[in-house]
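Dear colleague,

Please find the structure below, followed by a summary of what was found in it.

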Amino acid sequence: MAGDEPLADQSEHPGERVAVIAAGALPWRVNRGRLEVLLIHRPRYDDWSWPKGKLDHGETIPECAVREVREEIGLAVELGIPLPPIHYRVSSGLKVVHYWAAKFSGAKVVPDGKEVDSVLWCSPERAAFLLSNTSDVAPLQALAEAHLRSTLDTWPLIVVRHAKAKPRSSWSRAEGERPLAATGARQAQAVGRLLQAWKPPRVVSSSWVRCVATVAPYVRVSGAKVKLTDALTEHKHQRSPKKTAAVIESLFDKERAVAVCTHRPALPTVFAQLARHMPASLARLLPDADPYLAPGEIVVCHVASGSRNRVVAVEQFKPFDD
């Protein structure tokens, strides 16, 4: 799923070109033991909806969702599980809106006053009644069902393949010192922007230069704590895949958002270890053929909080690369 995606995977309009791509989120909280969601009122349309908006050039769909929520109601959200996208017709053609659940952090909600003039916390049942666009009910139902299954409150485990490096053929020094190419440096900046949709407070990376450089832009902006480990390098993985797998397993210990950056040859081991924490239906979504991920591409595994490390959703994204 990338920012310049021309087609949508949707059964209602298979293969049809998408004219408008938008994204947003359903903010949620548990108040006095009961699930509540946040609706917005748009004066321009006099309707109740979810915070959302159209994709800007140069951003990915997750980035769009986070930006729109921030602009419309002043909330800096971190994306949770993906919810069903909706599709409907507009004057220019088919429009798709991608949605995520977003756990409320307790920050003040401040409608922008132009696009949104008021907000309302309410039960899912009340929200379903108030929503003006009936198609907006589908992501709401998915959110409510996830809450009942205890799969709504999650944390992300994000796998990053390092950005494009200089060719091996043009590098005569130590392999671990091979840097990013110019394209890779731009990709690293894009990776940094994309990771802010989940804001992992910790990063675990191969100690080789090209991995460290890939996560550096995100670390500089976010202040995330970084741990470098040789077990995620190509060389150590080749000698002992079990140690690489052990690093991946250890990421579950703290039950906190984390990004891990490694190399293409290590990805089969990484995904095999992650597959142990999810049902077969989700494991099939993990990349299973070489090169597994493109340079800078990521996989997000959403782990249910307090679930004994159960992965309940899987997504895959490329950073916007111009």
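**Pocket, hairpin and domains**

The largest pocket has a volume of about 470 Å³. A pocket is an open set of points on a 1 Å grid over the protein atoms alone, where a 1.4 Å probe fits, with protein on both sides within 12 Å along at least five of seven lines; lining residues have an atom within 4 Å of a point. The volume is the space filled by probe spheres set on the points, which are joined across faces, edges and corners.

This is a predicted model, in which local features need pLDDT of at least 70 and side-chain atom pairs count only at pLDDT 80 or more, while totals for chains, interfaces and linings use all residues. Residues are numbered from 1 along each chain as its sequence is written, and side-chain values use heavy atoms, leaving out hydrogens and water.

Of the 20 residues that line the largest pocket, Arg42, Tyr45, Lys52, Lys95 and Glu115 lie nearest its centre.

Strands S5 (residues 82–90) and S6 (residues 93–103) pair in the antiparallel sense over seven bridges, and two residues separate them in a hairpin. Strands are DSSP runs (E, at least two residues) numbered from the N terminus; pairing requires at least two DSSP bridges between them. Arginine 89 has leucine 94 in S6 as its bridge partner.

An automatic or database assignment gives domain 1 (18–149) and domain 2 (154–317). Twelve residues from domain 1 and twelve from domain 2 make the contact, defined by heavy atoms within 4.5 Å. The C-alpha centres of the two domains lie 29 Å apart.

Kind regards

Methods
Helix = DSSP H or I, 4+ residues; strand = E, 2+ residues; numbered from the N terminus.
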